[in-house]
Amino acid sequence: MLLILAGLRPALLKHKLVNVLVEACLCSGAKDTTTNPGKPPKLSNKKWRKKFRNKPASNEHLPWEERLADAVTPLWRLSYHDQLQLKQKHQERILLQLSDQLLCGESTQHKALTQCPSPPRSTKLSFPLLPILPSPVRDGYRNKSTFSVNRGVDGNPKTVGFYVGTGKVGNIVCVNGDHLLNMPERHKLVARCYQDFLRLSALEPCLLFHDGGHWREVTVRTNAAGHTMAIVYFHPQRLTPEEIEVHKSSLVEYFTQGPGAICQLDSLYFQESSMTRCSHEESPYQLLHGQPHIHEEILGFKFRISADAFFQVNQGAADSLYRTVREMGLPNGAREGGGGGTLLDVCCGTGAIGITMSPRADRVIGIELIQQAVEDARHNAALNQIQNCEFLPGKAEVVLPGLMEVLGSTTDSGGPLTAVVNPARAGLHYRVIRTLRNHSSIRRLLYISCKPEGEAMRNFRELCCSPDPHRKLTGEAFRPTVAVPVDMFPHTPHCELLLVFER
């Protein structure tokens, strides 16, 4: 019988190992935060990540469910108050490093752009870091989950869940995720039914591409209304199209008329792929049953969610994030009905930020690499009867320079130009940063990052360093004016950081 971890917290906290892990989660400095809250624990970002990525070997005697919880939701043993305190301190530590590097840049620009002092020497930020915004929902908040297929604890290769262990060491075990606090019940139900389907199927799972097999992972997407989409990934190997059709039909029958009908799927997709990941353009998502999309609502606006569309995994926290972006992104005088000038939305995804800010802007221009996301963004604007949004497909480093040349001739007399960027963990391409930095009409820039200690930090420094003709950073430097963390991922050490730059 699976352990329900949330109900075992009081008992578990008596365990010596748990106390050690809790103390580790508090970064060994939490005992002093009540008396000296301005001094964060001196842990480098590398040590911070290592602390939660690699648990001590002594946890091997723990039940598999606890080991998985430690890997997927490392903070599950802490109270939510302590989780927020921990994340607040971590964001402060990151921003103190940024402050140090900007100070170094006054005398050694290039060195400041390539080196990271650790630990930070400053003890006080030069701009306010506001208290972290909590997630309105703490348990079962994920609206998208991907479940892997591999050998379970009992050796069954048709086990659906999450990995414990590493491929490098060769000790991977797939553990059922029914006990994970961040997973909603509907996701767990689909995963259990998919596992049942696999064990009924005559086909083997695809654990390693070169070893054969067919059934792979499943992704589950849900919305606040309870609608459910499942995407099953399949390696065709050498099966003929006719043979694949037989197995697709059995999948549909299982989830519509068989035991899987309990999931009440609104959409069932199927993607054939011989690669780990591929886009809709590379291998189309095939709708086997139901509706092509589900919909979600953010700040009163409706958004279409496709099989591969990006959408924040925590709808309630996304409300908080986008509301904060809207309040801080446009001038104080901008209210409903426009007056906020032009909003440039880089890495716009399906248009959520631009659309939610559109009532206060005169014009919104979004740029997005993925063509399907651009189509979703255009559909979402029309769905909400928004007339002042346009969305451009392509790489931002290719599209943005030409766009800025056009905007340069229209924004001088057409109101302010504000930029919002929400890149992936890899951050923004250098040509994007250079274009934004060198365009004098941009007076305010909002950067949303899920990993500010990574490549985003380089972006921050390039926006704020002294002009450097050698690197073609000739525009007036930005300066950070306020930072706001938003807890998008309870029970994990991660959160989103909104950093506002002005000049």
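Mentor: Contact here means heavy atoms within 4.5 Å. This is a predicted model, where local features need pLDDT of at least 70, side-chain atom pairs count only at pLDDT 80 or more, and totals for chains, interfaces and linings use all residues. Residues are numbered from 1 along each chain as its sequence is written, and side-chain values use heavy atoms, leaving out hydrogens and water.

Trainee: Which residues of α7 and α8 meet?

Mentor: From α7, Cys193, Tyr194, Asp196, Phe197 and Leu200. They meet His247, Ser250, Leu251, Tyr254 and Phe255 of α8. That contact divides into seven nonpolar residues, two polar and one charged. Helices are DSSP runs of H or I, at least four residues, and strands are runs of E, at least two, numbered from the N terminus.

Trainee: At roughly what angle do the axes of α7 and α8 cross?

Mentor: Roughly 135°, and the axes come within 11 Å. So α7 and α8 are oblique to each other (under 35 degrees is roughly parallel, over 145 roughly antiparallel, 65 to 115 roughly perpendicular, the rest oblique).

Trainee: New topic. What does UniProt list for "binding site"?

Mentor: The unreviewed entry lists Gln312, Glu368 and Asn422. Such annotations may be inferred rather than shown by experiment.

Trainee: Is Gln312 buried or exposed?

Mentor: Buried, with a relative accessible area of 4% (buried is under 20%, exposed over 50%, partly exposed in between, with a 1.4 Å probe and protein chains only). Gln312 sits in the loop between β9 (301-305) and α9 (315-329).

Trainee: And where is Asn422 found?

Mentor: In the loop between β13 (417-421) and α13 (430-438). Asn422 also counts as buried, at 13% relative accessibility. Its contacts beyond four places in sequence include Gln312 and Val346.

Terms used: Axes fitted to C-alpha atoms, helices over the stretch in contact; angles between N-to-C directions. Nonpolar A, V, L, I, M, F, W, Y, C, P; charged D, E, K, R; others polar.
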